[in-house]
Amino acid sequence: MIALCLGMMIATMSGGGSVVAAEETRASVMAAADKAGAHPGTIERATEKDSMIVTSDYIIGPEDVLEIIVWRNADLSKVVTVRPDGKISLPLIGDVEATGLTPSQLTQKIVERLKQYKETPTVSVILQQVNSYAVYVLGEVTKPGRYSLKSKTTLLQALTNAGGFAPLAARNKIVIFRWAEGQNGQNGPTGEIKLKASYDDIVLRDNSPQNVVLRPGDTVVVPSETMVLTQ
């Protein structure tokens with residue numbers, strides 16, 4: 001039974017700490033490990049769930065809620081919300097950059113900082129709430145707005161969430177605004193790029209690459225036919 005409980009954890013960092021991606025596993029996993037006298041660093045890697053949100057590749061963003069557990073040290077453990085500046089505040093070590101890191105990377109960073117005060121710190125990062133994975137759909141759609149997403153979502157799926165096209169939509173002139181890292185000095189350290197998509201191409205053409213998987217922070221704009229004609 002203990003092995004089954006421990007197998008629910010997503011990833012393990014030997015000598016550093018374990019990373020958990022779902023809050024509901026924490027109590028049962030920790031209780032079972034403690035009862036068995038097991039160190040969390042020995043917990044084996046389990047099969048990841050299909051949802052992108054709970055995989056170890058998830059990138060932490062602003063407003064995400066994390067539970068930081070320092071093994072056998074309740075004073076250093078804390079539930080924190082990632083601030084707009086991308087940092088979290090923890091006892092003893094202060095501010096830590098969290099945005100842009102996976103839970104595993106954040107765990108390692110916290111471990112390194114704690115080594116100044118503890119010889120062998122073991123840290124678990126639990127993703128309690130996903131608040132940063134959102135896209136914006138604007139323009140000629142039935143329900144424009146901000147949409148929080150819980151799994152990989154394509155352009156067509158986002159348009160469906162927004163209620164589909166409004167009567168005046170220029171459905172073949174869709175634009176996706178995306179912030180991306182600059183390459184070879186282009187656009188500076190970060191830059192906004194525009195991806196164009198045609199609804200008819202996506203639906204009628206085989207293997208069309210335009211039905212892209214959206215990223216957190218993407219803004220989808222569906223212009224009106226009037227706007228297109230006046231350009």
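**Spaces, a helix and charged pairs**

The largest pocket has a volume of about 460 Å³, and of the 21 residues that line this pocket, Ile59, Ser132, Tyr133, Pro216 and Gly217 are the closest to its centre. The model is a predicted one, in which local features need pLDDT of at least 70 and side-chain atom pairs count only at pLDDT 80 or more, whereas totals for chains, interfaces and linings use all residues. Residues are numbered from 1 along each chain as its sequence is written, and side-chain values use heavy atoms, with hydrogens and water left out.

A pocket is here an open set of points on a 1 Å grid over the protein atoms alone, with protein on both sides within 12 Å along at least five of seven lines, while a cavity is a set of points where a 1.4 Å probe fits but cannot get out; lining residues have an atom within 4 Å of a point. Grid points are joined across faces, edges and corners, and a volume is the space filled by probe spheres set on the points. By class, the lining of the largest pocket has 11 nonpolar, 6 polar and 4 charged residues, where Ala, Val, Leu, Ile, Met, Phe, Trp, Tyr, Cys and Pro count as nonpolar, Asp, Glu, Lys and Arg as charged, and the others, Gly among them, as polar.

The search of the whole structure finds 1 cavity of 30 Å³ or more, and about 40 Å³ of space lies in the largest cavity. Its lining consists of Val70, Leu76, Leu90, Pro91, Ile93, Ile110 and Leu114, which divide into 7 nonpolar, no polar and no charged residues.

Helices (H or I, at least four residues) and strands (E, at least two) are DSSP runs numbered from the N terminus.

Side chains of opposite charge can pair when their charged atoms come close. With a salt bridge taken as a side-chain nitrogen of Lys or Arg within 4 Å of a carboxyl oxygen of Asp or Glu, the count comes to 6 salt bridges. In one of them, aspartate 218 pairs with arginine 178, the closest N and O atoms being 2.7 Å apart. This pair links distant parts of the chain, with aspartate 218 in the loop between helix 5 (199-204) and strand 12 (219-222) and arginine 178 in strand 10 (residues 174-181), 40 residues apart. Aspartate 218 counts as buried at 1% relative accessibility, and arginine 178 is likewise buried, at 7%.

Arginine 83 forms a salt bridge with aspartate 95, at 3.3 Å between the closest N and O atoms. Arginine 83 is partly exposed, with a relative accessible area of 26%, and aspartate 95 counts as partly exposed at 37%. Both belong to a network of salt bridges that links Arg83, Asp85 and Asp95. Arginine 205, by its relative accessible area of 54%, is exposed, and its salt bridge with aspartate 201 has its closest N and O atoms 3.9 Å apart.

Definitions and conventions:
Buried < 20%, exposed > 50% of the residue type's maximum accessible area, 1.4 Å probe, protein only.
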